[in-house]
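Subject: Structure handed over, with findings

Dear colleague,

Please find the sequence and structure below. An account of what was found follows directly after them.

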Amino acid sequence: MGSGIAAHFANAGLEVLLLDIVPPNLSDAEKKDKAKRDGWATGGLEKALKARPAAFFHKDAARLVKTGNVEDDLEKLEDCDLVIEAIIEKMEAKQALFAKLEKIVPEHCVIASNTSGLRIAEMTKASSANFKKHFVVLHFFNPVRYMKLLEIVAGPETDKDVLAHCVRFAEDVLGKGVVFGKDTPNFVGNRIGAHAMMATIHQMLADGLSPEDVDNITGAPMAHPKSASFRTADLVGLDTFAHVADNCYASLTSDEDRDVFKVPDYIRKMVEKKLLGDKTKGGFFKRAPDKSILTLDPKTLEYRPKGGDDAIKGATKALSKVEDPRERVKKLVADQGKAGDFARKVLYRSLSYSARRIGEIADSVVAVDDAMKWGYNWELGPFEVWDALGFAETTDAIEKAGHALPDSIKKMKASGATAFYKDGKVFDLLKGEYVAQKQDPRYATLTVLRKGDKPVLKNDGAEAWDLGDGVLGLTFKTKANSIDPDVIAMLGQAADKAETDFRAIVVANEGDHFCVGANLLLVVMAGSQGQWDQIREMVKGYQYATQRLKYARVPVVIAPYGMTIGGGLELCMGADAVQAAAETYSGLVEVGVGLIPGGAGTMNMLWRAMESIPEGTTSNVYESVTQTFKNIALAKIATSAEEGKALGYFRRTDGVSFDRARVLAEAKARAIGMAQSGYHPAIPKAYRLPGESGIATLGMMVDTLVAGGYASEHDAKIARKLAVVLCGGVGGASREVTEDEMLELEREAFVSLCGEPKSQERMQYMLMNNKPLRN
């Protein structure tokens, strides 16, 4: 956790000092070697650099992290503003460290513990009044970069201004979602999450189901991540999971459902045998030498081929296809087979437990729901699930199943309340009434921002809404926000409308991913019928739609997030500016389906690379062409917005939103700022490119890859056509190549590849399997 926290602080541009203990068992000579004494902290930083998924947005951020040890380097904390303790969960060790810190850190310094269960009063009992005023718990979730949840717990003497400052820092600088917890074991997320997980495990044994049966039920059908229960345990680590459960059981002596936290004997044996999950290459599941998946039988502790109940598998597979999570979980609970029976048992137990914890671990249902969505990646929190199932009928069903409900729920039902969330308000179980739901104004969705009851423009693939303040918001309505002819048409129509009636355009989508590229089905169908002119016009339409945005007379800001690949990234390259969520995964990946980028992306990526080359300089042109060639030919994916900048997919001046929920509001603010700052559209560029010699040089690079077995002959064919485009054709060195000429080269290369049998095979495979075929 320490290195993960350090990495994310560095992602935010902060200088970090990472300290650990001096490694034990050093030789006398090693004890005199500072590098050896810093070994554990340095090793932690190295692991963070190698971590997958990556801990850093870009490896350059690691330069902000310095390492040391707590024996030699504590004095370096004398000018720190924040110190976070993430050491072993032993009270004596924490108290000893805090006693040392109090003698060193400045009076204004905030001291935070990342403890998951030790009490603040006990940790700080020997500390001064000022130390206690500046002490909080900042409980991060792992992996720190990716998990939005940060539980903040104040001590009885924590200063309110200090607490408010911590909240602002967490939200504004780190992009975290803050949940206020109370000083109770495992706080909010792990208390509810561990209970739900343990209840599921015990119910599996009682019902005689298998781990794969349970995961089929408790994943997407229950509005939980696809990793569900047992796969999640493998990801987290069985030792970590058992530790959390043991901590709950040991400390929650008055919990009415305490026995649920008892770790089953077979999990104890798994921990003893080091069957800990992914970290030991085997837990509840493991991959066999033939790449098949094996499942651990809880009764025999032996692995067997992955299987499961066919009826459960069939029912849950159908449910997983339901897009609305509320409808999905409702259908699951209504199922009259084994899947529904199991779901009702574990859900009713979990919902009733969550209700009984209000007032003990947190004061609001919103806090519990947010904790589970941000810390466990649930699509719906417990009380949102309750609403989806119907408040009154679910309340009755829970009681009928024998689970106790607190008086607050009974009073809520008696008051006539029909849901926890209603008309922008939330039911406060402690007050017994609806109260306004507090919402960060930066958490603006399209639904919140749009004005009027109908869009300004609309077709089957996209809509354009008035977002207020003179901003036109364009959003896609296609599956996975893919690009089709309707979307292409709307791009031009939106630009026309904005130039007459608005002052800026924001392109913002909803769903898991911003845009997964073009709809290949239309290309495959046209190609199978030899309709090359139709493909050519389709490609030309998208090329000039992105160009239309690029040269619109109003600023265009695009707000990507998640997967932004192929045509989705090409669209971003047609914008004046991008406001990307930090977790934006981008790349031009068309080679994976046997094509090159065909929406002006080949040209615009090269043009982006050459923007910073001073006029009259020719020596760097070939380098720009070569790097662009590599990025496209190797289908390089940027695993963060910052890495996207480093690869040239986004501009260095583009914005990055650490919290995806704020990306739309921040994109709109950027668009307004541009509109108010004397905006004028860009002027088309033309460049002298490498031409025939560049094509030959890139061709030799391709030949080397084929000879080494790193690329197939068809890969080489795609790459050579790409080289021709990027070098401006054979005559690219003899004159400046215009944008229209580049687009024609790109278009012809794209169309010619559509006619290649291997490319058609790749496109068809992608459509059927949702992943690329390499041949």
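Ala228 sits in the loop between helix H9 (211-218) and helix H10 (230-236); helices (H or I, at least four residues) and strands (E, at least two) are DSSP runs, numbered from the N terminus. Please note that this is a predicted model, in which local features need pLDDT of at least 70 and side-chain atom pairs count only at pLDDT 80 or more, while totals for chains, interfaces and linings use all residues. Residues are numbered from 1 along each chain as its sequence is written, and side-chain values use heavy atoms, with hydrogens and water left out.

Although Ala228 is not a glycine, its phi is positive, at about 55°. Ala228 has a relative accessible area of 11% and is therefore buried (buried means under 20% relative accessible area, exposed over 50% and partly exposed in between, with a 1.4 Å probe and protein chains only). Ala480, also not a glycine, has a positive phi near 55°. Ala480 belongs to the loop between strand E16 (471-476) and helix H21 (485-501), and its relative accessibility of 43% makes it partly exposed.

Two cis peptide bonds may also be noted. One runs from Arg52 to Pro53, with omega near 5°, and Pro53 is placed in the loop between helix H3 (39-50) and strand E2 (65-69). Another runs from Asn142 to Pro143, with omega near 0°; Pro143 is in the loop between E5 and strand E6 (149-154). As background, most residues other than glycine have a negative phi, and most peptide bonds are trans.

**Aromatic pairs**

There are 20 aromatic pairs in the structure. Rings of Phe, Tyr and Trp (its six-membered ring) pair if their centres lie within 6.5 Å; planes under 30 degrees apart count as stacked, over 60 as edge-to-face and the rest as tilted.

Phe98 and Phe135 form an edge-to-face pair, 5.2 Å from centre to centre and with 80° between the planes. Because Phe98 is in helix H4 (residues 91-102) and Phe135 in strand E5 (residues 135-140), this pair ties together parts that are 37 residues apart in sequence. Phe98 is buried, at 1% relative accessibility, and Phe135 is buried with a relative accessible area of 1%.

The rings of Phe514 and Tyr561 have centres 6.2 Å apart and planes at 80°, so this pair is edge-to-face. Phe514 is in the loop between strand E17 (504-507) and helix H22 (520-528), and Tyr561 in the loop between strand E18 (556-558) and strand E19 (562-565), so the pair joins parts 47 residues apart in sequence. Both Phe514 and Tyr561 are buried. Elsewhere, ring pairs link Phe383, Trp386, Phe391 and Phe420 into a cluster.

**Helix packing**

Phe391 also takes part in the contact between two helices: Phe391, Ala392, Thr395, Asp396 and Glu399 in H18 meet Ile409, Lys410, Met412 and Lys413 in H19 (contact means heavy atoms within 4.5 Å). By class, this contact of H18 with H19 has 4 nonpolar, 1 polar and 4 charged residues; Ala, Val, Leu, Ile, Met, Phe, Trp, Tyr, Cys and Pro count as nonpolar, Asp, Glu, Lys and Arg as charged, and the others, Gly among them, as polar. Helix H18 (residues 391-400) and helix H19 (residues 407-414) pack at about 140°, with axes 11 Å apart. H18 is therefore oblique to H19. Axes are lines fitted to C-alpha atoms, for helices over the stretch in contact, and angles run from 0 to 180 degrees between N-to-C directions; angles under 35 degrees count as roughly parallel, over 145 as roughly antiparallel, 65 to 115 as roughly perpendicular and the rest as oblique.

Helix H8 (residues 189-207) and helix H16 (residues 365-376) have axes that come within 9 Å and cross at roughly 75°. H8 is therefore roughly perpendicular to H16. Gly189, Asn190, Ile192, Gly193 and Ala194 of H8 make the contact with Val368, Ala371, Met372 and Tyr376 of H16. By class, the contact of H8 with H16 has 6 nonpolar, 3 polar and no charged residues.

For helix H30 (residues 713-726) and helix H32 (residues 757-769), the axes come within 10 Å and cross at roughly 100°, so H30 and H32 are roughly perpendicular to each other. Here His714, Asp715 and Ile718 in H30 meet Lys758, Ser759 and Arg762 in H32. By class, the contact of H30 with H32 has 1 nonpolar, 2 polar and 3 charged residues.

Yours sincerely
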